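Hi everyone, thanks for coming. Let me put the structure up on the screen, and then we can walk through it together.

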There are 2 protein chains.
Amino acid sequence: MIFTYDALRKIIVDILLKIGCSSEHANISADVLMAAELRNINSHGVIRLKDYINLYEKGRLNPLPNIKITHQTPSTAVIDADTALGMVAGDFAMKIAIQKAKEVGTGWVAVNNSNHFGIAGHYAMRALKHDMIGITMTNANPLVAPTFSLDRLLGTNPIAVAIPAGKYPPFVADFATTPIARGKLDVMHKKGLEAPLGYVQDKTGMPSTNPNILTEGGAILPLGGDYEHGSHKGYCLGSVVDIFSALLSGAGFGPFVPPSVAYLPIKETGNGKGTGHFFGAMRIDAFQTTEDFKLKMDTWIETFKNAHSIDDEHKVLIPGEPEKEWEAIHMLQGITVMDKVVEELKQVAASLGVEIDF
Amino acid sequence: MIFTYDALRKIIVDILLKIGCSSEHANISADVLMAAELRNINSHGVIRLKDYINLYEKGRLNPLPNIKITHQTPSTAVIDADTALGMVAGDFAMKIAIQKAKEVGTGWVAVNNSNHFGIAGHYAMRALKHDMIGITMTNANPLVAPTFSLDRLLGTNPIAVAIPAGKYPPFVADFATTPIARGKLDVMHKKGLEAPLGYVQDKTGMPSTNPNILTEGGAILPLGGDYEHGSHKGYCLGSVVDIFSALLSGAGFGPFVPPSVAYLPIKETGNGKGTGHFFGAMRIDAFQTTEDFKLKMDTWIETFKNAHSIDDEHKVLIPGEPEKEWEAIHMLQGITVMDKVVEELKQVAASLGVEIDF
């Protein structure tokens, strides 16, 4: 089913208002989910709303959080998100990071007691209009086995970095520290496809092509795939994201990150509070004049765009470029939501008594 | 040939004094090269000294640099390294990052007009004794083709992150954003071995197993190997390192990074000055009490060390753990230097009139 941007956004806002969110928080959260839809990352869009509502119904998500700064220095802060929607926590934290960057050049904010926050890139991109570089990390449900491990100890732990340019769209990298996100495995499984080697291992640690192997004790591999191809580097990256997001903030780390779905129980052995995030903002003019930097970013982008490519169908892309193009297409042509997700939205709306006209 | 730590270090110091370095700078540089030797990363140890001397002889390396802070805010600085030895520039910059972290919680320093600086991890580790997290990045000679590119536009652009722990050795990740470093290809070529698929491509962009393909227009692939396995993520990482190191500092970016060997000419199209680095220091107690954080890091390390592993021979390693073990072995048993490198050292010493007794 195809929705206009405004229609789909209104459904999200109405549902979040109904569970008791403030208008401000409902709108902030809708913006993040809609950013994912616009950028064609629909694994992090409205499909997640049902999970958030289920977490609320289990008492694991607070619609009226009292988000607090619990510690700070001129360039840093730690935030207790009071089990808020991750989008609300992320918005709050990124604002603090940007404010600190205005004051002392850079700002770095670690968040505990949060939940799934949607697409990492959204928060990093919030820095752009302030002529700052934005950085976002988050830990997540443990699905990834470190190099040589049978146990799943890390999430797909994404990193996002948004960098302003001049005449070109900004550079926006936003990627899991694994070869693929979990959502892609689900799609392969539903289509009856095999997964390429290098994505997952089975419960004995052997390479597997079964995209459903996570339900059989398997694990996603770190970026790099196997040791020979540098999976220990992907493991390092995922670990740094985990330590920055959880140990600097006081959130649950690694295997103790709470599940982002309500049907999985919270682990009793957690040694921190909730999901953790880490945000950074660096003012461009804390290093170079903004004008010079943007001119150089344009030259950087041109140099990479103009590289000789392997063939005419596969140009060298600038990170964020395809997502930017999708934004324009989706604003113009509307956003397609899978039938299954539309049904879920209808059920959620009906159960909460939210009127939707589709 | 096996050297004691002190004997090998003295050779480096004596040679650097002879080209006009101050005693302070010669000792700083020797410490970095020796750190690489101790940590068993001998591709970044004394083997590099000949290249540095050659650069000096071509007038591309300044033994008496006037390193200056050219711009700063409370949490940031930009440094012009005046074509210093990279180790001298890195030492200077990391000290500034640590000082700023003492003052406002974190410090971030971008360096232009520098040279090859040895192992990235050394500078990150300098933060540890101050109970800080240390971060290092550097750009490097273009050898890496972005996803779908035939052109070599990025270096192996390493990232290092050092994080203090309590009773355990620190977490030290230090890795190129490629499946392998160039040095390993050279070793394969010399031994007549094929490179595994996923390391390099030929000049037409096709997968190659020729470890010598860089001399035939080939390129190293980004971490991930191919697009299907996430090479665009390795490309993103290498790009972020390049932009932070070069565009925030004013150094040469991507294809314009000057060669770290004197036999390759400086490119005339450079749009920045020299090689660029980026350093960060974050005070632990700008987020958590140092004591709490270190206890949690110990728990983190234990959790990962105690993971079930694929077999008894392949334990789950903590980043930095193998290098730490090598340090102890090399301090005790001495450091083996390849005959070829010993010969080069002798030649360099003889040409400069440095007396060495081996």
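Let's start with helix α2 of chain A, residues 23-38: its 16 residues reach 22 Å from the first C-alpha to the last, close to the 22 Å expected at 1.5 Å a residue. That expected span is 1.5 Å times one less than the number of residues. Helices (H or I, at least four residues) and strands (E, at least two) are DSSP runs, numbered from the N terminus.

Before I go further, please keep in mind that this is a predicted model: local features need pLDDT of at least 70, side-chain atom pairs count only at pLDDT 80 or more, and totals for chains, interfaces and linings use all residues. Residues are numbered from 1 along each chain as its sequence is written, while chains are lettered from A and ligands numbered from 1 in the order in which they are written.

So, is α2(A) mostly covered or mostly exposed? Mostly covered, with 12 of its 16 residues buried. Buried here is 20 or more other C-beta atoms within 10 Å of a residue's own; exposed is 12 or fewer, and partly exposed is in between, with C-beta atoms placed from the backbone. Among the buried ones are A:H25, A:I28, A:L33 and A:E37. The buried residues of α2(A) pack against α1, α3, α4, α5, α9 and β12 of chain A, where contact is C-beta atoms, placed from the backbone, within 7 Å. After the helix comes A:N40, with a positive phi near 65°.

One of those packing partners, α9(A), covers residues 321-333, and its 13 residues reach 19 Å, close to the expected 18 Å. A:G334 follows α9(A), and its phi is positive too, near 90°.

Now to the domains. Chain A is divided into domain 1 (1-64 + 320-358) and domain 2 (65-179 + 221-286), with bounds from an automatic or database domain assignment. Their centres, taken over C-alpha atoms, are 22 Å apart. Domain 1 of chain A gives 24 residues to the contact and domain 2 of chain A gives 21. On the domain 1 side, α2, α3 and α9 of chain A each give two or more residues. Which element gives the largest share of that side? That would be α2(A), with seven residues.

On to a strand. All five residues of β7(A), 171-175, are buried, so the strand is largely enclosed by the rest of the structure. A:F171, A:A173 and A:F175 point one way, and A:V172 and A:D174 the other. Five bridges join β7(A) to β6(A), residues 159-163, and the two run antiparallel; strands pair if DSSP finds at least two bridges between them. A:A160 stands opposite A:D174.

Finally, the two chains. Chain B can be laid on chain A with an RMSD of 0.0 Å by a turn of 180° and a shift of 0.0 Å along the axis. The copies are thus related as by a two-fold rotation axis. In chain B, B:G224 comes closest to the axis, at 2.3 Å (C-alpha).

How many residues of chain B are in contact with chain A? There are 63, touching 62 residues of chain A. The largest share of chain B's side, seven residues, comes from α8(B). And 98% of chain B's interface residues are also interface residues in chain A, so the copies meet through the same surface.

Methods:
Contact = placed C-beta atoms within 7 Å. Least-squares fit on C-alpha atoms with pLDDT ≥ 70 in both.
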